[in-house]
Each structure stands twice: as structure tokens, then as C-alpha cells.
Amino acid sequence: MNKIIKKDQFSEKVFCLEVEAPLIAHSCKAGQFIILRVDKHSERVPYTIAKADDEKGTLTLVVQEVGLSSTKLCNLNEGDYVQDIVGPLGNASEIKKFGTVVCAGGGIGIAAILPILTALHDAGNRVISVLAGRTKNLIIMEDDVRKESDEVIIMTDDGSYGEKGVVTAGVEKVIQSEHVDRILAIGPPVMMKFTSLLAKKYNIPNYVSLNTIMVDGTGMCGACRLTIGGKTKFVCIDGPEFDGDLVNWDEMFKRMGTFKNVERKEMEHYEEHVYPTPQPGQDVK
Ligand SMILES: Cc1cc2nc3c(=O)[nH]c(=O)nc-3n(C[C@H](O)[C@H](O)[C@H](O)COP(=O)(O)OP(=O)(O)OC[C@H]3O[C@@H](n4cnc5c(N)ncnc54)[C@H](O)[C@@H]3O)c2cc1C
Ligand code: FES
């Protein structure tokens, strides 16, 4: 079991959890993720490692409440335990000196892109971060991103913070004002698709981090398979980062909706019979 040692609330539905996982904290690299089970009966859910502290032996996860597992996780508090954490999983992000890299983070994707932009900055790249959200309070971890970026552009759909507009408007502004060598987009699939299409229009190499449905995270179950460049790939072992130009986005959107009805039913059941917070050794039904 892994203990939650710190919990912060970033916005109404987004929580930041620091959990003990010393072996993973010691070996993980930017871009990798873990798979977590909240309790014995929970499904296995992937979360990106937003930060890792080798000295403290902890991982920072930023979790958005969207359904049953994430709600159960966000209902836990400091001192509580999760059942288990497996990782680090997936390939680390490719880090080298590319030149100028635009890192576009949408919503919860900001947490996922933070370790990568940090590593890119450390490798000597000029990092321009474009953070986007529907409204001001959905722009998370801004101070962390500012520390590791040469420039930060903030976009909100409603104009409540930064500039009014979607992420692609911010990215295009950068492309039109200076040479860009690479674009990395992490966020909701629709945001990654349109950022990738924009990059393609300007012939800029672009990468996205895919968040397909995952089960085992080790290449055994096939749940995360997706067509990339005409070939079947497993996001958990071949990714999660892929060349955006090669992603079959229609297939990605279709697969993301596969379990929608089951997930909604499970959530309704949970809301009717709210589970108690599990304690170490306690089995929650
Ligand atoms: C590599 C990777 C990294 C991720 N990193 C983060 C992160 O840092 N923070 C964060 O909040 N979320 C992250 N996610 C998404 C997260 O794993 C889950 O999608 C989310 O917590 C939903 O679970 P749920 O049971 O609460 O919702 P559900 O009601 O079960 O599902 C809501 C939607 O979430 C997606 N989903 C559900 N289960 C999974 C699953 N096992 N794998 C992938 N997607 C699923 C589906 O699109 C589904 O329609 C990541 C996903 C992947 C694959
Ligand atoms: S999650 Fe099972 S093969 Fe990728």
C-alpha cells in the first residue's frame, strides 16, 4: 500500500496528491506514468508522474475527477493509503536539444507536460509553454511551468485569464513570430488532434501523449491498442508519446467512448452507496 502524504486542491475537480513510492521515484523519467488501484476492488487507472522526489521517495500525481476511480482517489486524504501503484510505465519522453520547443498543455495535461518541459529546458532548449483551459481556475501549476519556461502564454476559452481563445490560437501566434523546431501537445484528445493538425500545416514535427483506455499497462491485454502510421501499436509499451501526424484520431475518439455506459452506471452506483475511505489493511467492498 502507498501512503498519501500531501493533498492539495487545484480547482473544483482537480486534486494534487503526493504519494509514497520510493522505488518508482528513484527510477522514473519525464513522460512516464504509473497505474494505480485505489482499493482492492478498484480498476487499474493510469496517471502521469507530474513530479518525482527521489530524496523523499514520493510521486506527485494530479488527478481530475471524471468518473468512479478518480472520484474515489480524490476522496482520500493525507494519511490514507491507496492499494498499490505499478510503475514506472511507458517510454520516457525524447529529451535532447531540438532548439525552440512549444509545449502546449491543456487542462490536466499541464501536469503531464511539466516534467517534460522541465527536462527539455534543462537540455538547453528554448521552451515556450502554452497553457490552456476553459476558464481561469482550470489553469493549474502555472508557477511551476513559469520556472522552467522561457516564455509562457495563457489561453482561456472565456477570456477570464491570459488571452481569449483556444490553445491552437496561442501556438499559431508563436509559430508566426519565430522559428519553432518541435511542438509537444498534452491534453484532451481533441486539443491534441487540432494542435497536431496545426503543426502539420506548418511542417513542424509534433508529438502527443495519448491517454487511451488502459488495463494492465504492460502490453498483455491489448486494451490500449491504436493505429499509428498504419500499424497497430500498444500505447502502454510503444508510447505514450507518438508522432501526432501518424495518429488515427477517429479511432482514438471511438475507443475512448467504448466503456462510457458501463462507467456511468458504476458512478451512479457509487454515488448511491458512497464507499468509506479505506485504511491500511482494510478491505472495502
Ligand atoms: C498514460 C495515461 C496518463 C494519464 N494521466 C492522467 C493524469 O495525470 N491525470 C488524470 O487526471 N488523468 C490521467 N489519465 C486519465 C486517467 O487514467 C483516467 O482516464 C481517469 O482517471 C478516469 O477514470 P474514472 O474511473 O474516474 O472515470 P471513468 O468514468 O471510468 O472514465 C471516464 C473517462 O476516462 C477515461 N478512462 C477510464 N478508465 C481509463 C483507463 N483505465 N485508462 C485510460 N483512460 C481511462 C475514458 O476516456 C473514460 O471515458 C491518464 C491516462 C493515461 C492512459
Ligand atoms: S494497457 Fe494492456 S496492452 Fe496496453
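I will start with the whole chain, then turn to the ligand, and finish with a few single residues.

This is a predicted model, in which local features need pLDDT of at least 70, side-chain atom pairs count only at pLDDT 80 or more, and totals for chains, interfaces and linings use all residues. Residues are numbered from 1 along each chain as its sequence is written, chains are lettered from A and ligands numbered from 1 in the order in which they are written, and side-chain values use heavy atoms, with hydrogens and water left out.

First, the overall count. The protein chain has 9 helices and 17 strands. Both are DSSP runs numbered from the N terminus: helices are H or I with at least four residues, strands are E with at least two. Of the 285 residues in the chain, 50% are buried. Buried means under 20% relative accessible area, exposed means over 50%, and partly exposed is in between, using a 1.4 Å probe and protein chains only. Among contacts with a separation of 6 or more, 65% are between residues 24 or more positions apart; a contact means heavy atoms within 4.5 Å. The chain exposes about 13,500 Å², and carbon and sulfur atoms supply 49% of that. Accessible areas come from the Shrake-Rupley method with a 1.4 Å probe, and for residues only the protein chains shown count as cover.

Now the ligand. How many residues surround ligand 1? There are 22, and the closest are P46, Y47, V62, S70 and M214. To be in this shell, a residue needs a heavy atom within 4 Å of the ligand. β4 (45-48), β6 (58-64) and α2 (68-74) each give at least two residues to the shell, and β4 has the largest share, with 4 residues. Domain 1 (2-90) and domain 3 (210-259) each provide at least three; these bounds come from an automatic or database domain assignment. By class, the shell holds 12 nonpolar, 7 polar and 3 charged residues. Here Ala, Val, Leu, Ile, Met, Phe, Trp, Tyr, Cys and Pro count as nonpolar, Asp, Glu, Lys and Arg as charged, and the others, Gly among them, as polar.

Next, some distances. An oxygen atom of ligand 1 is 2.8 Å from an N or O atom in the side chain of E43. An oxygen atom of the ligand is also 3.1 Å from a polar backbone atom of G67. The protein covers 89% of the 850 Å² of accessible area that ligand 1 has on its own.

Last, the backbone. Most residues other than glycine have a negative phi, and most peptide bonds are trans. Where are the cis bonds listed for this model? One joins G87 and P88, with omega about -5°, and P88 lies in strand β8. Another runs from G239 to P240, with omega near 15°; P240 is in the loop between α7 (235-238) and β17 (241-243).

M141 is not a glycine, yet its phi is positive, about 55°. Is M141 buried or exposed? M141 is buried, because its relative accessible area is 8%. N203, also not a glycine, has a positive phi of about 60°. N203 counts as exposed because its relative accessible area is 72%.

Note on methods
A polar contact is a pair of N or O atoms within 3.5 Å; within protein, one must be able to donate a hydrogen and the other to accept it, and residues adjacent in sequence count only if both atoms are side-chain atoms.
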